[in-house]
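Trainee: Please walk me through this model one feature at a time, with the general idea before each case.

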Amino acid sequence: MAVVALAPCFSPLPFCSIRPEPICSGRKLQIVQCAQVRNEPGIQGERRKYKDSFTDLVFINGCREAFGRVAGWQSPRSWEEGYEGMVEVSHALARNKNAAEQQAAVLRGFPKVPDWFRKLFPYSDWGAELNARITPLFFSWLVGPCEVVEVSVNDKPMKSGVQIQKCRYLETSGCTGLCVNSCKMPTQYFFTKELGMPLTMEPNFEDMSCLMIFGQTPPAFEDDLVFKQKCCTTYCPTSSQASEVCPKLR
């Protein structure tokens with residue numbers, strides 16, 4: 001899911017980048033600000049229902065078209081069913097590809113950020129906190145309801161965390177591999193390497209939540225426990241319960 005960043009300190013969110021680099025971090029408490037919540041949360045095993053606005057559908061179908069061009073296939077779903085169509089296209093994009101190839105495919109739809117951009121907008125704690133505040137305001141259409149939270153970055157308390165209550169993309173796709181290869185790893189790479197804004201994402205495959213931490217450098221690929229995750233058996237239509245790791249993470 002690709003969204004073009006406006007600036008390292010004023011940049012959008014999920015689904016874009018090139019090769020990844022994982023995460024690991026400590027969370028802290030206290031909700032600071034709420035995003036726009038469209039519906040009541042669902043319960044475990046039950047899909048949350050969304051009522052997308054016209055603006056939401058414009059962004060959703062824009063992502064859907066972008067993924068379709070890279071995948072060479074487009075979902076036949078209607079404009080109003082844009083989110084489901086977008087997820088179907090991302091499944092098509094991942095088909096017959098290993099994890100690295102999936103991530104590279106997502107990145108092909110992304111612009112290259114020029115070197116001068118990082119020099120003009122170097123990292124700052126203020127920029128990390130601004131990114132966190134922008135995310136719930138403009139990207140709940142993509143990930144669902146989320147809110148700014150205080151986190152600890154290098155032992156310093158910062159309001160640069162975004163707690164996604166129940167990720168819409170993970171819930172709709174029902175796929176551990178798509179979460180990691182189409183969202184988490186590319187997004188981390190894009191922010192950290194392309195924009196110079198370190199970002200760590202910590203998805204929770206039990207409750208479908210996710211913690212984004214702006215300002216925190218993701219861990220090395222080999223240290224990221226996300227690559228030991230099983231399939232989302234509650235949601236995944238092709239889950240392999242016998243497998244120790246989701247096959248799409250290989």
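Trainee: About how many Å³ of space lie in the largest cavity?

Mentor: First, the ground rules: this is a predicted model, in which local features need pLDDT of at least 70 and side-chain atom pairs count only at pLDDT 80 or more, while totals for chains, interfaces and linings use all residues. Residues are numbered from 1 along each chain as its sequence is written, and side-chain values use heavy atoms, with hydrogens and water left out. A cavity is a set of points, on a 1 Å grid over the protein atoms alone, where a 1.4 Å probe fits but cannot get out; points are joined across faces, edges and corners, and the volume is the space filled by probe spheres set on them. Here the largest cavity holds about 80 Å³, and the structure has 3 cavities of 30 Å³ or more.

Trainee: Which residues line the largest cavity?

Mentor: Lining residues have an atom within 4 Å of a cavity point. The lining of the largest cavity includes Val143, Ile164, Cys167, Tyr169, Leu170, Cys179 and Cys183, and Lys184, Met201, Pro203, Ser209 and Cys210 belong to it too. Sorted by type, the lining has 10 nonpolar, 1 polar and 1 charged residue; Ala, Val, Leu, Ile, Met, Phe, Trp, Tyr, Cys and Pro count as nonpolar, Asp, Glu, Lys and Arg as charged, and the others, Gly among them, as polar.

Trainee: Which element gives the most to that lining?

Mentor: Elements are DSSP runs numbered from the N terminus: helices are H or I runs of at least four residues, strands are E runs of at least two. Helix H8 gives the most, with 3 residues. Helix H7 (168-173), H8 (176-194) and strand S4 (199-203) each supply at least two.

Trainee: How many helices and strands does the protein chain have?

Mentor: The chain has 8 helices and 5 strands, and along the sequence they follow the pattern β-α-α-α-α-α-α-β-β-α-α-β-β.

Trainee: What percentage of the residues is buried?

Mentor: Buried means under 20% relative accessible area, exposed over 50%, and partly exposed in between, with a 1.4 Å probe and protein chains only. Of the 250 residues in the protein chain, 54% are buried.

Trainee: How many aromatic pairs does a search of the whole structure find?

Mentor: Rings of Phe, Tyr and Trp (its six-membered ring) pair if their centres lie within 6.5 Å; planes under 30 degrees apart are stacked, over 60 edge-to-face, and the rest tilted. The search finds 8 aromatic pairs. Among them, Trp116 and Phe117 are edge-to-face, at 5.8 Å centre to centre and 75° between the planes. Trp116 is exposed at 53%, whereas Phe117 is buried at 11%. The planes of Phe190 and Phe191 lie at 85° with centres 6.1 Å apart, so this pair is edge-to-face. Phe190 is buried at 3%, and Phe191 is buried at 0%.

Trainee: Which ring faces does Arg168 lie over?

Mentor: A charge sits over a ring if NZ of Lys or CZ of Arg is within 6 Å of the ring centre and within 35 degrees of the ring normal. Arg168 lies over the face of Tyr50, 4.1 Å from the ring centre, and over that of Tyr83, at 3.9 Å.

Trainee: What is the phi of Asp155, positive or negative?

Mentor: Most residues other than glycine have a negative phi. Asp155 has a positive value near 65°; this residue lies in the loop between strand S2 (146-153) and strand S3 (156-164) and is exposed at 77%. Met208 has a positive phi of about 70°, in the loop between S4 and strand S5 (210-214), and is buried at 1%.

Note on methods
1 Å grid on protein atoms, 1.4 Å probe; cavity = no way out; pocket = protein on both sides within 12 Å on 5 of 7 lines; lining within 4 Å.
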